[in-house]
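Me: Hi! Could you walk through this one with me? I'd like to start with the loops and then go on to the helix packing.
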Amino acid sequence: MNRKTIVAANWKMNGDLSLVNAMTAALNAINIRTEQQVVICPPAPYLGALTQANQNPGVAIGGQNLSEHQSGAYTGEVSALMLKDLSVQYVIVGHSERRSMYAESSELVASKTKAALDQGLTPIVCIGESEQEREQGDTEKVLSEQLNPVLATLNSNELSGVVFAYEPVWAIGTGKTASAEMAQQTHRFIREHIAATDTQAADNVAILYGGSVNAGNYQELFAQPDIDGGLIGGASLKVEEFKKICLAE
Ligand SMILES: O=C[C@H](O)COP(=O)(O)O
């Protein structure tokens, strides 16, 4: 199976219109290799401006979150239908910041994943253990518990269309990256866990690594057989650095 390398930018609650303009100006001017897909996930208010300014066919736009509901009295929420309406193609689901700060359970993450797929969006489903969980030897148990509701909710076809992002919480925004070997080992475990439910889907799904990825370490990480790209926070706000990663320079 030849999986594409996905370079996904998660701006989190950062950036402004001038970053939208600077990033699109830089990315519109480059060729993204066909085996690579770039995704930019800005804060929701900038999705429209970004989809309009983006002219690079190798660059897709993604949301950072969505509601599990389609429409209605859910103040502050954004639905898959609305993202679709703005030509958004991807959406991050269950980022660890949402799990920890907004109490999103793995069951809710599964519902949101299904809501995204139902509208033809590609969900980027985030999973990852805390430092304490890793130290206690609970990494695989935690990852399985986070994956299981998603695996139980989707059919094989739907599951094949999911992108997973493994983000060890202790590596997010800390400058502490998992070693390429440790990340590969965990990605292998994730793929095997998915394979226990669906071998075909396990082969198809992209599994991204996230946590302090930057222009200096991405090549070694992305070269691992089960790492299919990255979900990048801090380094995705720096135009020149992010461009380097997109160009695989
Ligand atoms: O979604 C992105 C991750 O949380 C990684 O963030 P970071 O690259 O700033 O560590």
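Me: Where is Lys12 found?
Reply: This is a predicted model, and in it Lys12 sits in the loop between β1 (5–10) and α1 (17–28). Lys12 has a positive phi of about 55 degrees, although it is not a glycine.

Me: And is Lys12 buried, exposed or partly exposed?
Reply: Lys12 has 19 other C-beta atoms within 10 Å, so it counts as partly exposed. The cut-off for buried is 20 or more.

Me: What about Ala103, what is its phi?
Reply: Ala103 is not a glycine either, and its phi is positive, about 50 degrees. Ala103 belongs to the loop between α4 (96–101) and α5. Because Ala103 has 8 C-beta neighbours inside 10 Å, it counts as exposed.

Me: OK, on to helices. At what angle do α5 and α7 pack?
Reply: Helix α5 (residues 106–118) and helix α7 (residues 139–153) pack at about 40 degrees, and their axes are 8 Å apart. The two are therefore oblique to each other. The crossing of α5 and α7 is right-handed.

Me: Which residues meet there?
Reply: From α5 there are Ser106, Glu107, Val109, Ala110, Thr113 and Lys114, and they meet Glu145, Gln146, Pro149, Val150 and Thr153 of α7. By class, the residues of this contact are 4 nonpolar, 4 polar and 3 charged.

Me: α7 also packs on α9, so how do their axes cross?
Reply: The axes of α7 and helix α9 (residues 180–197) come within 10 Å and cross at roughly 40 degrees. That makes α7 oblique to α9. Their crossing is right-handed.

Me: Which side chains of α7 face that partner, by contact?
Reply: Going by residue contacts, Thr139, Glu140, Leu143, Ser144, Leu147 and Leu151 of α7 meet Thr186, Phe189, Ile190, His193, Ile194 and Thr197 of α9. The contact of α7 with α9 has 6 nonpolar, 5 polar and 1 charged residues.

Me: Now back to α1. How far apart are the axes of α1 and α12?
Reply: The axes of α1 and helix α12 (residues 239–247) are 10 Å apart, and the helices pack at an angle of about 35 degrees. The crossing is right-handed. On the α1 side the contact is made by Ala22, Met23, Ala26 and Leu27, and on the α12 side by Val239, Lys243 and Cys246.

Me: How many polar residues are in the contact of α1 with α12?
Reply: There are no polar residues in it; the contact has 6 nonpolar and 1 charged.

Me: Switching to strands: where does Val125 lie?
Reply: Val125 lies in strand β5 (residues 122–127). Val125 has 24 C-beta neighbours inside 10 Å, so it counts as buried.

Me: What does Val125 touch?
Reply: Leaving out residues up to four places away in sequence, Val125 touches Val93, Gly94, Val109, Thr113, Val150, Val162, Phe164 and Ala165. Among these, Val109 and Thr113 of α5 and Val150 of α7 also take part in the contact between those two helices. The C-alpha atoms of Val125 and His95 are separated by 7.3 Å, although the two residues are 30 apart along the chain.

Me: Last one: how many residues surround the ligand?
Reply: The ligand is surrounded by 14 residues, and the closest are Asn10, Ile172, Gly210, Gly233 and Gly234. By class, the shell has 5 nonpolar, 8 polar and 1 charged residues.

Methods
Residues are numbered from 1 along each chain as its sequence is written. This is a predicted model: local features need pLDDT of at least 70, side-chain atom pairs count only at pLDDT 80 or more; totals for chains, interfaces and linings use all residues. Axes are lines fitted to C-alpha atoms, for helices over the stretch in contact, and angles run from 0 to 180 degrees between N-to-C directions. Helices (H or I, at least four residues) and strands (E, at least two) are DSSP runs, numbered from the N terminus. Angles under 35 degrees count as roughly parallel, over 145 as roughly antiparallel, 65 to 115 as roughly perpendicular and the rest as oblique. A crossing is left-handed if the near helix is turned anticlockwise from the far one by less than a right angle, and right-handed if clockwise. Two residues are in contact if their C-beta atoms, placed from the backbone, lie within 7 Å. Ala, Val, Leu, Ile, Met, Phe, Trp, Tyr, Cys and Pro count as nonpolar, Asp, Glu, Lys and Arg as charged, and the others, Gly among them, as polar. A residue is near a molecule or strand if its C-beta atom, placed from the backbone, lies within 6 Å of it. A residue is buried if 20 or more other C-beta atoms lie within 10 Å of its own, exposed if 12 or fewer, and partly exposed in between; C-beta atoms are placed from the backbone.
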